[in-house]
Amino acid sequence: MTVACSHGILGSSTRLSTPGTGPAGGPLSVVYAASMGGTGSAVRVVIVALIASITQIALTVAFTSLTFRDELSAELALGLAAMFLGMLITAVAVGISSGLPGHIASPQDGGLVMLSVVAPTIAATSDAPGETLVVLMGLSSLAVGATLLALGRSGLGRTIRYLPYPVLAGFLAGTGLVMGQGALALAAHGIGGDATGGRDRIARLIVVIVVALLMTAISRSSLSSELYVPPVVVGSILAFHLVAAILGIGRGEGAERGWLLPILPSGSLFDADTFTVVARADWGVVVENLPAMAPLLLLAPLTVLLYLGAFESSLDADIDSDREFQVMGRAGAVAGLFGSAPSYTQFANTMLVQRMAGPVRAVPIAVGLSAVVVLLLGDSVIALIPQPVVVGLLGFIALSFILDWTWGLRDRISHTELALAVLVAFSIPVFGFPIGVGFGLVLTSGWFVVQYSRISGVRRIRDARRVRSNVFRSADDDLVLVDAGRQVLIVELEGFLFFGTGDAVGRRVTAWDGLDEVRRLLIDFTRVSGADSSAVASFGQLVRWARQRNVEIIWVAMNPGVRRALSPLLAVCGPGTTEVDLDRALATIEDEQLAARSLAPRRHVAALLELPVVADAELRRLAAGDVVLHAGQEVDGIFVVESGRVSVLGGAPDTRLRQLGRGAVLGELGLYTDAVATATVVADDPVTLRHVDAHRIEQLERDDPAAAALLHRRLATAVAERLRTANDAVDAFRDRGGDHIGSNSDDTTR
């Protein structure tokens, strides 16, 4: 499948192909694009790869510096080695295997911000704080990777969205607050922690603020503005070195004054001790701090889903989230073995690639390989990155989190939800991530219960004056049922029932205008998904009210789960108080109401059965369950029900469209139109039928035209009455708006 993606910033478009379906799906797509001379030209891909690599290196340094600061600044080289190994593994693995060519993944801010919170504790309690922190990073990455992989393999990737939105928003805004605190500390004291103060400190703060505000302003200036942030990072680095060259500030002076990163050991970031980190780590401290990383198991998948959703919207592409979860899960787990922080999608750089180079795999692979340069050359590369740009980048990301997940939501969620999100956000810097997220879950759960308890669970209440079962009734019968309909009240429930629902049902029932005439109360559970045991107490009040007023309660269409939850009530109400569905419950009540009136047989029915051509016709006897007619069957003549009842079935196998009794005619449409039977007809009881075949009717028309005319008039009357009933149902449906049963009207909620 290919999806066209418009790239407005470049005034052109590319094609996004799923792997294996076209040139864009493989690592050599850049060569193909270059030969086509489009947005993926070789020069453009090289430029984009260079910008993305520099930006990713700066981000990785920034995130690592945020965690390895103050007492841990001496361990910065160890942290950088682990992080750039993670960048190498995840960028290359995801770049090759992702279903979205150009997808860049790397160690991300969420895990590192959480690690920065526990880092001071590790520094104070461990004899090997650097190694301990790296091991904690690796285990966190392993856990997040395993979670992503499990969600992707099980196809449950999108179910993680059920985390309450205020908790997610509060977590991300809180992440911004913690990151902002770290950025301010780094701006004031330098990444090494011992930078000179005075005018340099003030100047650094000014530059950091300018860089952060400039990036924030650019990122909010237009729909495509995220593309300009990486070039701003590169431009800021170049501008700094130009000014430093003019002022004659060298590497040593720049590091001492806090303008450049601390001087690292020359050569590679690796040394003989790099590969013995696990053995030297303080595992007691690791185990003690590992639970603090638990929120990442929920929030990392959610963040990935948000990014994937943004890609789908921005690129007009279908992205298989389960596949992306698996790809990033495997890569992140492997990176965790080398001490890297949790890794997943890098949004800004991925959008840069998609917009400026198209869906090519060469760029993320190049970004990953750029980590090798840093790992091998160490300080020679790190020296090129100015501290104010790194810290300004952290400040920009912090501002983006705070603004996007507080002010940016003001028109999208309720004020209550926004207030909950802000409370969660401010609790995170004060109490830490686990307590902050737990606090948010408690708040939102309580708020949800309060809000949901206000929902009555009552879809509608109506009486039976214009509600019918699917049993065919004559006009005389209808008049009787309309008159008796006030005695039957139907309450349709919906949703999940818990302690507040029964009270709401009771309030709605007792507010009904014609309550004094009600003798039967039908509680319809057709649209109820489930119930818990707390609903028993509330419904119990309704049962006591019904007993006091001598009203019979009939429980209708209860699924097994609801039946189990309300079983104590059913035991109290006794047998015979439940029905399979509303249609059968209404049919039983209608039969009792009609029987109580001792109605005379309908005139046209009696006359039809007494016609000689019908009375002398072939007699057929069927047992209950026997099929009278099959849908699609050719019908020879007509069938007249002499005794018993038959049901007309359609749709689902057991759906009863109509029930017909004595005097009902079957097959009359086929007699006049040669149509086949449109539905299956099954005997409900032992049934006797009279079959008048078409040949006999034709013979009657020749031999006794008057008798034939009388037969046709009786048949026309039966058809007209059935049509009237159907028209009543349609009129009621249009007037009331909603579902209907037989000739049911819809909502007459009082």
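Predicted model: local features only at pLDDT ≥ 70, side-chain atom pairs only at ≥ 80, totals over all residues.
Which side chain meets that of Arg584 in a salt bridge? That of Asp581, with nitrogen and oxygen 2.7 Å apart.

Let me start with the chain as a whole. There are 750 residues, and 53% of them count as buried. The secondary structure comes to 30 helices and 17 strands. If we take the contacts between residues at least 6 apart in sequence, 81% of them join residues at least 24 apart.

One example of a pair separated in sequence is Val614 and Val692. These two are 78 residues apart along the chain, yet their C-alpha atoms are 6.5 Å apart in space. Val614 belongs to helix H27, residues 612-615. Is Val614 buried or exposed? Val614 is buried, because its relative accessibility is 0%.

Back to salt bridges. The count for the model is 14. As background, side chains of opposite charge can pair when their charged atoms come close. I opened with Arg584 and Asp581. Arg584 is at 31% relative accessibility, so this residue is partly exposed.

Next is the pair Asp591 and Arg645, where the closest N and O atoms are 2.9 Å apart. Which parts of the chain does this pair tie together? Asp591 is in helix H25, residues 582-597, while Arg645 is in the loop between strand E12 (638-643) and strand E13 (646-649), so the bridge ties together parts that are 54 residues apart in sequence. Both ends are partly exposed: Asp591 has a relative accessibility of 25%, and Arg645 has 24%.

Then there is Glu618 with Arg620. Their closest N and O atoms are 3.2 Å apart. Glu618 is partly exposed at 43%, and Arg620 is partly exposed at 32%.

Salt bridges can also be linked to one another here. Which residues are linked in a network of salt bridges? They are Arg459, Arg460, Arg462, Glu492 and Arg527.

Now to helix packing, and to helix H6, which takes part in two contacts I want to show. The partner in one of them is H17. H6 covers residues 165-189 and H17 covers residues 387-404; their axes come within 7 Å and cross at roughly 155 degrees. The crossing of H6 and H17 is left-handed.

On the H6 side, the residues in this contact are Leu172, Ala173, Gly176, Leu177, Met179, Gly180, Ala183, Leu186 and Ala187. On the H17 side they are Val391, Leu394, Gly395, Ile397, Ala398, Phe401 and Ile402. Sorted by type, the contact of H6 with H17 has 13 nonpolar residues, 3 polar ones and no charged ones.

The other partner of H6 is helix H4, residues 109-125. H4 and H6 pack at an angle of about 60 degrees, and their axes are 10 Å apart. That angle makes H4 oblique to H6. This crossing, of H4 and H6, is left-handed. From H4, the contact involves Asp109, Val113, Met114, Ser116 and Val117; from H6, it involves Phe171, Thr175, Val178 and Met179. By type, the contact of H4 with H6 divides into 6 nonpolar, 2 polar and 1 charged.

My last topic is the backbone. In general, most residues other than glycine have a negative phi. What is the phi of Asn550? It is near 60 degrees, and Asn550 is not a glycine. Asn550 is in the loop between helix H22 (534-548) and strand E8 (552-556). With a relative accessible area of 63%, Asn550 is exposed.

The other residue is Ala557, whose phi is near 55 degrees. Where is Ala557 found? Ala557 lies in the loop between E8 and helix H23 (560-565). Ala557 is buried, with a relative accessible area of 17%, whereas Asn550 is exposed.

Note on methods
Residues numbered from 1 in each chain as written. Heavy atoms only, no water. Salt bridge = Lys/Arg side-chain N within 4 Å of Asp/Glu carboxyl O. Buried < 20%, exposed > 50% of the residue type's maximum accessible area, 1.4 Å probe, protein only. Helix = DSSP H or I, 4+ residues; strand = E, 2+ residues; numbered from the N terminus. Axes fitted to C-alpha atoms, helices over the stretch in contact; angles between N-to-C directions. Left-handed = near helix turned anticlockwise from the far one by under 90°. Contact = heavy atoms within 4.5 Å. Nonpolar A, V, L, I, M, F, W, Y, C, P; charged D, E, K, R; others polar. Parallel < 35°, antiparallel > 145°, perpendicular 65-115°, else oblique.
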